[in-house]
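Subject: Structure handover and notes

Dear colleague,

Please find below the structure I promised to hand over.

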2 protein chains.
Amino acid sequence: MEPTVGTTILTTPTDREIRIERVFDAPRDLVWRAFTEPGLVAQWWGRGHQLDIERDEVEGGGHWRYVEHHPGGIDGFEGRYREVTPPARIARTFEWDGMPGYVSVETADFEDLGGGRTRLVAVVQFPTPEERDGMMGSGMEGGMNESYAALDRLLASMR
Amino acid sequence: MEPTVGTTILTTPTDREIRIERVFDAPRDLVWRAFTEPGLVAQWWGRGHQLDIERDEVEGGGHWRYVEHHPGGIDGFEGRYREVTPPARIARTFEWDGMPGYVSVETADFEDLGGGRTRLVAVVQFPTPEERDGMMGSGMEGGMNESYAALDRLLASMR
């Protein structure tokens, strides 16, 4: 089933994983830039809130750290790049300051669908089912959709 | 079965874990110090090689980074503390620069056996069985025993 632009399909392939699929109405090179250029990441990843990109070394072994300033406070997120293969794949670890030492791995694949559209398939692997379920119960899906909506707007402005 | 001082018992409780048990001929407070004071960690963790403790914030959320200088080159290791409960438990993540983004979680429990002896039980959890098996096939057990032998010597010198 082909997802509609603007709709996220979230599934759970195993008890430790979340799979996210979304189609963007933008060519793959543009989507890649939005995920890898700090000045662009800052415009969507934080759901419209101020986002400080403290570190973003987009290459295998590089570290990243983003700090989001939202009405409820400040939240830091960080990790390390496992694989960066432009413009097709990014794999990196993810850790929230609120639960330090609890690390998930995000693998994002970008597929050129032709016609100026791009499919993102992201699989997030957690160490345990409990951590996966904790993340799903945390309001993560709502926050993610706010981020993707901001990304849709950014991509539209870049075309 | 009670392990002998100087012998490591390594088992595999699940297909993603390694369990390590070793008894030290030293009181728990001394063993705790050897694991948490950078000047002492530097004397055993690197198996007798030069070890630079670039960062070691021993508290929940703190980061650590050690760099070992050995005859074959230089290897960096790093991670973040999940839990530090003196003098009983340390849980932290572990990542080798050679495989960035592949993160295991080490949970070390220290038990006071009385009579000036301490039991360490460390469980290392890997994201996948393949990563666990890769680590076990890497010569990790030999390196670990060299480190523990250096720790035995350090503890003897501290008594």
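Predicted model: local features only at pLDDT ≥ 70, side-chain atom pairs only at ≥ 80, totals over all residues.

In chain B, eight strands make up an open sheet, with antiparallel pairing and the order β1-β2-β8-β7-β6-β5-β4-β3. The edges are taken by β1 (9-11) and β3 (50-56) of chain B, each of which has a single partner strand, so one side of each has no neighbour in the sheet. On average, and ignoring direction, neighbouring strands of this sheet are turned by 20 degrees against each other.

The turn of the hairpin formed by β4(B) and β5(B) leaves two residues between the strands.

Next in the order, β5(B) pairs with strand β6 (residues 89-96) of chain B, antiparallel and over six bridges, with Arg92(B) in β6(B) as the bridge partner of Tyr81(B). These two strands, β5(B) and β6(B), likewise form a hairpin, in this case with three residues between them.

**Helices on the sheet**

Helix α1 (residues 28-36) of chain B lies across β2 (17-24), β5, β6, β7 (104-114) and β8 (117-125) of chain B, and its direction runs at about 155 degrees to β7(B). Helix α4 (residues 140-158) of chain B also packs on the sheet, where it touches β1, β2 and β8 of chain B and makes an angle of about 25 degrees with the direction of β2(B).

**Salt bridges**

Over all chains, the count comes to 36 salt bridges. One of them is formed by the side chains of Arg47(B) and Glu146(B), at 3.4 Å from N to O. Because Arg47(B) lies in the loop between α2 (38-44) and β3 of chain B, while Glu146(B) belongs to helix α4 of chain B, this pair ties together parts that are 99 residues apart in sequence. Arg47(B) counts as partly exposed, with 27% relative accessibility, and Glu146(B) also counts as partly exposed, with 40%.

Arg89(B) takes part in two of the salt bridges described here: with Glu83(B), where the closest N and O atoms are 3.8 Å apart, and with Asp109(B), where the closest N and O atoms are 2.8 Å apart. Since Arg89(B) lies in strand β6 of chain B and Asp109(B) in strand β7 of chain B, the latter pair ties together parts that are 20 residues apart in sequence. Glu83(B) is partly exposed at 30% relative accessibility, Arg89(B) is partly exposed at 30%, and Asp109(B) is partly exposed at 28%. Elsewhere, salt bridges that share partners join Glu54(A), Arg65(A), Glu78(A), Glu95(A), Asp97(A) and Arg80(B) into one network.

**Points on chain A**

In strand β2 (residues 17-24) of chain A, seven of the eight residues are buried, so the strand is largely enclosed by the rest of the structure. Strand β1 (residues 9-11) of chain A pairs with β2(A) in the antiparallel sense over three bridges, Thr11(A) standing opposite Arg19(A) of β2(A), and a hairpin of five residues leads from β1(A) to β2(A). Eight bridges join β2(A) to strand β8 (residues 117-125) of chain A, also antiparallel, and in this pair Glu21(A) stands opposite Val121(A) of β8(A).

Finally, Trp96(A), Met99(A) and Tyr102(A) form a nonpolar patch on the surface, with about 260 Å² of accessible area together. Of these residues, Tyr102(A) lies in the loop between β6 (89-96) and β7 (104-114) of chain A, and with 31% relative accessibility it counts as partly exposed.

With best wishes

Terms used:
Residues numbered from 1 in each chain as written. Chains lettered and ligands numbered in written order. Heavy atoms only, no water. Patch = residues over 30% accessible without salt bridge, like charges linked within 9 Å, V, L, I, M, F, W, Y side chains within 5 Å. Areas by Shrake-Rupley, 256 points an atom, 1.4 Å probe, with all protein chains shown as cover. Salt bridge = Lys/Arg side-chain N within 4 Å of Asp/Glu carboxyl O. Helix = DSSP H or I, 4+ residues; strand = E, 2+ residues; numbered from the N terminus. Buried < 20%, exposed > 50% of the residue type's maximum accessible area, 1.4 Å probe, protein only. Pairing = 2+ DSSP bridges. Axes fitted to C-alpha atoms, helices over the stretch in contact; angles between N-to-C directions. Contact = heavy atoms within 4.5 Å.
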